[in-house]
Amino acid sequence: MRIAVSGTHRAGKSTLIDELSDLLPAYVTVEEPYHQLEEEGYEFAAPPSVEDFEAQLARSIADLDEGPRDVLFDRCPVDFIGYLLAHEDRDAFDLDAWLPRVRNALRTLDLIVLVGIEQPDRIALSSSEDEALRLSVDEKMKELLLEDPYALGVVVLEVEGSSRARAKQVLEHLGSL
């Protein structure tokens with residue numbers, strides 16, 4: 001199975017991927033595009049620009065095109081669309097130009113696991129983090145994946161609870177297939 005774990009920053013995605021990696025040892029894990037690009041010397045603006053998110057979107061699409069069969073992706077193209085639609089310069093992003101590539105890449109996934117912000121919030125944030133952006137991206141991600149306004153046609157499993165409970169929900173979903 002090809003599984004992407006998606007959601008806003010500081011929601012528990014990486015923790016869930018670590019948990020799933022332990023439970024699914026035959027799976028390869030692909031780290032998120034931000035870290036891949038950073039390791040290659042890409043310099044991100046602070047805060048990231050539209051171009052920075054587009055670079056991550058392009059890398060995410062390439063990762064899906066190249067990834068192995070049993071794989072856990074930390075993020076997928078929908079994540080970056082969420083960030084771009086929540087960005088203060090969102091009018092500079094041409095979603096329609098990206099949608100055909102995004103749809104084609106998403107067809108290679110069997111499941112997107114959505115990790116949203118819970119109430120009460122499970123993740124403590126530092127005072128320097130942009131809470132408004134985090135909440136806006138969470139809202140956009142839920143709209144994109146659960147309401148599917150752009151006909152992405154993906155299978156989505158929204159998880160909640162502790163990282164162990166979330167991993168159990170994923171395994172139960174996989175077992176039901």
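**Close-up views of a predicted model**

Figure 1. Five strands, paired in parallel, make up an open sheet whose order is β2-β3-β1-β4-β5. The edge positions are taken by β2 (28–30) and β5 (156–159); each has a single partner strand, so one side of each is left without a neighbour in the sheet. From one strand to the next, the twist averages 20°. The coordinates shown here and in the other views belong to a predicted model.

**Figure 2. The pairing of β1 with β4.** Strand β1 (residues 2–6) and strand β4 (residues 111–115) run parallel and are joined by four bridges. Within this pairing, Val5 has Val113 of β4 as its bridge partner.

**Figure 3. Two helices against the sheet.** Helix α1 (residues 13–23) packs on the sheet and touches β1, β2, β3, β4 and β5. The direction of α1 makes about 165° with that of β3. Helix α6 (residues 131–147) lies across β1, β4 and β5, and α6 runs at about 145° to β4.

**Figure 4. The largest pocket.** The volume of the largest pocket is about 600 Å³. Its lining comprises 25 residues, of which His9, Glu32, Tyr34, Arg75 and Tyr83 are the closest to the centre. Two or more lining residues come from each of α1, α2, α3 and α4 (77–86). The element that gives the most is α1, with three residues. By class, the lining holds 12 nonpolar, seven polar and six charged residues.

**Figure 5. The second largest pocket.** This pocket has a volume of about 160 Å³. Its lining is formed by Pro47, Pro48, Phe53, Tyr83, Ala86, His87, Glu88, Asp89, Asp130 and Leu133. Six of the lining residues are nonpolar, one is polar and three are charged. Tyr83, which lines this pocket, is also among the residues closest to the centre of the largest pocket.

**Figure 6. The cavity.** The structure holds one cavity of 30 Å³ or more, and the largest cavity has a volume of about 40 Å³. The residues that line the largest cavity are Val30, Glu31, Glu32, Pro33, Ser60, Asp63, Phe73, Asp74 and Arg75. The elements α3 (50–66) and β3 (71–74) each give two or more residues to this lining. Five of the lining residues are charged, three are nonpolar and one is polar. Glu32 and Arg75 belong to the cavity lining and are also among the residues closest to the centre of the largest pocket.

**Figure 7. A salt bridge between Arg59 and Glu40.** Eight salt bridges are counted in the model. One of them joins Arg59 to Glu40, with the closest N and O atoms 2.8 Å apart. The pair links distant parts of the chain, 19 residues apart: Arg59 belongs to helix α3, whereas Glu40 lies in the loop between α2 (33–39) and α3.

Figure 8. Most residues other than glycine have a negative phi, and most peptide bonds are trans. The peptide bond from Ala46 to Pro47, however, is cis, with omega near 0°. Pro47 is located in the loop between α2 and α3, and Pro47 also contributes to the lining of the second largest pocket. Arg10, although not a glycine, has a positive phi of about 60°. The loop that carries Arg10 lies between β1 and α1.

Notes
Residues are numbered from 1 along each chain as its sequence is written. This is a predicted model: local features need pLDDT of at least 70, side-chain atom pairs count only at pLDDT 80 or more; totals for chains, interfaces and linings use all residues. Side-chain values use heavy atoms; hydrogens and water are left out. On a 1 Å grid over the protein atoms alone, a cavity is a set of points where a 1.4 Å probe fits but cannot get out, and a pocket is an open set with protein on both sides within 12 Å along at least five of seven lines; lining residues have an atom within 4 Å of a point. Grid points are joined across faces, edges and corners, and a volume is the space filled by probe spheres set on the points. Ala, Val, Leu, Ile, Met, Phe, Trp, Tyr, Cys and Pro count as nonpolar, Asp, Glu, Lys and Arg as charged, and the others, Gly among them, as polar. Two strands pair if DSSP finds at least two bridges between them. Axes are lines fitted to C-alpha atoms, for helices over the stretch in contact, and angles run from 0 to 180 degrees between N-to-C directions. Contact means heavy atoms within 4.5 Å. A salt bridge is a side-chain nitrogen of Lys or Arg within 4 Å of a carboxyl oxygen of Asp or Glu.
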